[in-house]
Amino acid sequence: MLERKELLKNLAIGFIPLLVFIVADALFGLTIGLIVAISLGMVELAYIFYREKRIERFVLFDIGLIIALGLVSLILQNDIFFKLKPALIEGILLVLIGITAFSSSPVLLMMMGRYTRGMEISEQQYADMRRMMRNMFYLLAVHIVLVVYSAFFMSNEAWGFISGGLFYIALGVLMLYEFWQVRQ
């Protein structure tokens with residue numbers, strides 16, 4: 001359970017700059033929106049470093065994507081690159097989850113070794129985790145398609161809901177389903 005909490009926390013932290021971007025873009029335009037989102041990402045990294053005395057690699061990667069895609073968007077004056085950031089991050093996560101879910105290599109467990117140190121995982125727990133990862137894989141795959149579609153063909157508000165709010169709603173429904181499965 002600890003690895004799921006940590007993963008969800010890191011994903012939630014990664015979406016804060018996106019939500020701030022939507023508001024800042026609507027109020028002040030693309031340039032200010034991207035500058036604010038990049039600045040907020042840097043503040044998040046500094047805060048985590050100050051609080052935990054370490055650099056969170058997921059957040060650092062997320063901020064790197066914000067900066068890279070934000071700079072490309074500023075140079076080209078097109079926010080599509082920034083809007084595709086959630087799909088890129090989820091695509092990387094999709095690959096990791098897919099390897100864990102559909103192969104015999106629990107790559108996510110290996111990556112989260114510092115959080116699972118000393119934990120014994122039984123065959124049944126591993127099978128349950130793989131089933132959950134398969135469900136998460138399909139959810140992420142659909143969400144990536146929706147994010148990409150909304151980035152190109154929908155309003156900023158619709159994209160913001162799909163890339164942020166809808167993800168959390170779908171994740172909540174999936175967690176309720178998983179809880180129900182465990183109870184059965």
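Which residues of α5 are buried? In this predicted model, local features need pLDDT of at least 70 and side-chain atom pairs count only at pLDDT 80 or more, while totals for chains, interfaces and linings use all residues. Residues are numbered from 1 along each chain as its sequence is written, and side-chain values use heavy atoms, with hydrogens and water left out.

The buried residues of α5 are Lys85, Pro86, Ala87, Ile89, Glu90, Leu93, Leu94, Leu96, Ile97, Gly98, Thr100 and Ala101. Buried here means under 20% relative accessible area, exposed means over 50%, and partly exposed lies in between (1.4 Å probe, protein chains only). Helix α5 spans residues 85–102; helices are DSSP runs of H or I with at least four residues, numbered from the N terminus. From the first C-alpha to the last, the 18 residues of α5 reach 25 Å, close to the expected 26 Å. The expected span is 1.5 Å times one less than the number of residues in the helix.

Leu74 is placed in helix α3 (residues 57–76). Residues up to four places away in sequence not counted, Leu74 touches Thr31, Leu34 and Ile35, a contact being heavy atoms within 4.5 Å. Leu34 lies 40 residues from Leu74 along the chain, and their C-alpha atoms are separated by 7.5 Å. Ser150 belongs to helix α8 (residues 123–153) and counts as buried because its relative accessibility is 0%. Apart from neighbours within four places in sequence, Ser150 is in contact with Trp159 and Ile162.

Seven aromatic pairs are present in the structure. Rings of Phe, Tyr and Trp (its six-membered ring) pair if their centres lie within 6.5 Å; planes under 30 degrees apart count as stacked, over 60 as edge-to-face and the rest as tilted. Phe137 and Tyr138 form an edge-to-face pair, with 5.7 Å between centres and 80 degrees between planes. Tyr138 has 47% relative accessibility and therefore counts as partly exposed. Tyr177 and Trp180 form a tilted pair, at 6.1 Å centre to centre and 35 degrees between the planes. Both residues lie in helix α9 (residues 156–183), three residues apart, about one turn of the helix. Tyr177 is partly exposed at 37% relative accessibility, as is Trp180 at 45%. Phe102, Phe137 and Tyr138 are linked by ring pairs into a cluster.

The charged end of Lys53 sits over the ring of Tyr50, 4.9 Å from the ring centre. This assignment requires NZ of Lys or CZ of Arg within 6 Å of the ring centre and within 35 degrees of the ring normal.

Terms used:
Helix = DSSP H or I, 4+ residues; strand = E, 2+ residues; numbered from the N terminus.
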